[in-house]
Amino acid sequence: MTAETPLRTADFDYDLPSELIAQEPLAERTASRLLVVVRSDRRAGASAERRTVRRRGGRIPRRQELEIPPGEQQTSGESLLVDSRFSQLPDLLSPGDLLVLNTTKVRHARLVGKRPSGAPAEVLLIRPAADESWIAMGKPGSALQPGKRIAVGPDVWIETLEVLDDGNR
């Protein structure tokens, strides 16, 4: 991939076995799994040079040493991956760290249907478009060309209006 070729949603398509996808949250949310990526410059005892950034109220270290949390460990490049628990999160944060929360809601927008030939097809609705249609992605792409329809129920069809530059429909 180069700067001349933009990312497409199809670039992120991969097989994920359904048994690995949580169907409902744990009763005890703090017991949820948390993958911790410990970069080599954040490990305790690392010899990386410490840099500082100017913040209101003084200077705060940009990188601080991080104690490795308990959990199963595996290396990936120069980083250490630790299979931890969400309850460990407060111990992983240092002064000056930024924590970003994802508060998006999951929309049940996966529609499985059939092509006129009877072969299966799948559409994932991403977001509403301005003209009361939907931006979607799906597979197989050949079933989602402009003018083609997929039956998702008795007398209910999805029709592809156009293929967008990013590969969405």
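The model is predicted. The chain holds one helix and 10 strands. Of its 169 residues, 17% are buried.

**Overall make-up**
- Read from the N terminus, the order of elements is β-β-β-β-β-α-β-β-β-β-β.
- The accessible surface of the protein chain is about 13,400 Å². Carbon and sulfur atoms supply 52% of that surface.
- Among contacts with a separation of 6 or more, 42% join residues 24 or more positions apart.

- Three strands make an open sheet, in the order 1-5-4. Their pairing is antiparallel.
- Strand 1 (33-38) and strand 4 (72-76) are the edge strands. Each of these two pairs on one side only.
- From one strand to the next, the twist averages 25°.
- Five bridges link strand 4 to strand 5 (residues 79-85), in the antiparallel sense.
- Gln74 has Leu81 of strand 5 as its bridge partner.

- Strand 6 (residues 110-114) pairs with strand 7 (residues 120-128) over five bridges. The sense is antiparallel.
- Val112 faces Glu122 of strand 7 across this pairing.
- The hairpin of strand 6 and strand 7 has five residues between the strands. Gly118 in that hairpin takes a positive phi near 95°.
- Strand 7 also runs antiparallel to strand 8 (residues 134-139), joined by six bridges.
- Here Arg127 stands opposite Ile135 of strand 8.
- Strand 7 and strand 8 form a hairpin, with five residues between them. Glu132, in the turn, has a positive phi of about 70°.
- In a regular strand, side chains alternate between the two faces of the sheet.

- Thr160 sits in the segment after strand 10 (156-159).
- Is Thr160 buried or exposed? Its relative accessible area is 7%, so Thr160 counts as buried, the cut-off being under 20%.
- A polar atom of the Thr160 side chain lies 3.4 Å from the backbone oxygen of Leu144.
- Which residues does Thr160 contact, leaving aside neighbours within four places in sequence? They are Leu144, Gln145, Pro146, Gly147, Lys148 and Arg169.

Definitions and conventions: Residues numbered from 1 in each chain as written. Predicted model: local features only at pLDDT ≥ 70, side-chain atom pairs only at ≥ 80, totals over all residues. Heavy atoms only, no water. Pairing = 2+ DSSP bridges. Helix = DSSP H or I, 4+ residues; strand = E, 2+ residues; numbered from the N terminus. Axes fitted to C-alpha atoms, helices over the stretch in contact; angles between N-to-C directions. Buried < 20%, exposed > 50% of the residue type's maximum accessible area, 1.4 Å probe, protein only. Polar contact = N/O pair within 3.5 Å; in protein donor to acceptor, adjacent residues only side chain to side chain. Contact = heavy atoms within 4.5 Å. Areas by Shrake-Rupley, 256 points an atom, 1.4 Å probe, with all protein chains shown as cover.
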